[in-house]
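Please consult the sequence and the structure shown here while reading this briefing.

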Amino acid sequence: SASWTRFAVTAAAIPGILIFAPMIYLVFTALALGMAGIMMALITLSIGVVVLQLQTMAPLPRKSLLSGVMLMASLGFFVAGIVTSGFGASHPQSNSLFYGIDADSGEAFWASADRRPDEWTGQFITAKADRTTLAEVFPLGTRQYLKEQAPAAPLTAPHVELLNDSANGNLRSLRMRVVSTRQAPYISVYVEPEVEVLAATVNGHELKGRNASTANKGEKEWALFYYGALPEGLELTFDLNTTKPVKFKVVDRSYDLPETLISSAKPRPGYLMPLLMPNNGTTLVSKAFVF
C-alpha cells in the first residue's frame, strides 16, 4: 500500500541522513567556507537519499505546494542562522599574531593576518598599522599583513659557517652549516634571486625532482624549508652557476612569542582563539649572509 511504501522509503533514507548530517558539520568545522565545494557535494549526496521520499509524499497536484513550503523553511533557517550567529565562548573568533626581527637592521615588528586588530591583538598592533608584505622574514612571500613596530627582544640570530668554497670555470660549489643559535625547530634558507642553483644536498642527501634546482625551469628563486632542525643544525651544499659572491638569507622560527614582550599583556578573552595558521603565535628571526 501507499502507506507502507512511504514507511519503507523513509526508513531507507534515515541511515543516509544520520551519516551525512554530522559529516557536513565536521567538514565545515575543519575546512570552513574556503572549501565550500566539498560541503556542497556532501549536501547534494544527502539530498539524493530523500528524493524518492519526496516524490512519494508529493503526488503531482501537490508538488508545487511542497516545493514552496520547503523553500520558505530553508529561508527561515537561513534568517535564523544570521540572527543567532555570533562569537562567544562556545564559538570563538580566531585571531593571529606573530613576532619578527631582522638581525641585520635590528628592527622588530608585530604582524597579524587579521583584517583589523581586536581586543587582544590591539595590545600589540594599533588600528593605524600598515598592511604590507614581510620581506624581512618571507623573502618570497606576496601576502600582506598588518605590521607594527615592536621592541627588539634579546634573541640570537641564525648562524652560517662556510665549510668549503671551490670553483671550476663558471661552476661554484659551496658547503655550509646552518644553525639556529636559539634552537628553533624550523629553518628556512633562501638563495639570492637570479642565482641559478644546479644541485643541492641537505645533510648529505641529494635533493631530487622538480624542487632540487632552478636549472631549465626558468625560476628565479630557490628556497629550502626544513622542519625539525637539531641543535647542531643542518649541512647544505650548493652547485651554483656563478662565480660572484652569493647572498643567502636564513630565517629560523620558534613556536612561541617572546616572553619578555607578552608577559605584561592581558590574556586572550574567552571569545577569541588562535588562528590555525603556520605563522600564528611564532617568532621569526632573519639574518643575511654573503659568501
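This is a predicted model: local features need pLDDT of at least 70, side-chain atom pairs count only at pLDDT 80 or more; totals for chains, interfaces and linings use all residues.

Residues are numbered from 1 along each chain as its sequence is written, and side-chain values use heavy atoms, with hydrogens and water left out.

**Aromatic pairs**

- Rings of Phe, Tyr and Trp (its six-membered ring) pair if their centres lie within 6.5 Å; planes under 30 degrees apart count as stacked, over 60 as edge-to-face and the rest as tilted. By this rule the count is 12 aromatic pairs.
- The pair of Tyr-99 and Trp-110 is edge-to-face because the ring centres are 5.1 Å apart and the planes stand at 65 degrees.
- Tyr-99 belongs to strand 2 (residues 98-102) and Trp-110 to strand 3 (residues 108-112), so their pair ties together parts 11 residues apart in sequence. Strands (E, at least two residues) are DSSP runs, numbered from the N terminus.
- Tyr-99 and Trp-110 are both buried, that is, under 20% relative accessible area (1.4 Å probe, protein chains only).
- Phe-248 and Phe-291 form a tilted pair, with 6.3 Å from centre to centre and 50 degrees between the planes. Phe-248 lies in strand 13 (residues 247-254) and Phe-291 in the segment after strand 15 (283-290), 43 residues apart.
- One aromatic cluster is formed by Trp-222, Phe-238, Phe-248, Phe-289 and Phe-291.

**Charges over rings**

- A charge sits over a ring if NZ of Lys or CZ of Arg is within 6 Å of the ring centre and within 35 degrees of the ring normal.
- The charged end of Arg-253 sits over the ring of Tyr-186, 3.9 Å from its centre, and Lys-287 lies over the face of Phe-289 at 5.8 Å from the ring centre.

**Nonpolar cores**

- A nonpolar core is a set of buried Ala, Val, Leu, Ile, Met, Phe, Trp, Tyr and Cys residues joined through side-chain atoms within 4.5 Å.
- The largest core has 23 residues, of which Met-176, Val-178, Leu-236, Phe-238 and Phe-248 touch the most other members.
- Strand 12 provides the largest share of this core, four residues.
- Another core, of 17 residues, lies apart from it and has among its members Tyr-99, Ile-125, Ala-157 and Leu-272.

**Ser-254**

- Ser-254 lies in strand 13 and counts as buried because its relative accessibility is 9%.
- The Ser-254 side chain makes polar contacts with the side chains of Arg-182, at 2.7 Å, and Asp-256, at 3.0 Å. A polar contact is a pair of N or O atoms within 3.5 Å; within protein, one must be able to donate a hydrogen and the other to accept it, and residues adjacent in sequence count only if both atoms are side-chain atoms.

Conventions: Buried means under 20% relative accessible area, exposed over 50%, partly exposed in between (1.4 Å probe, protein chains only).
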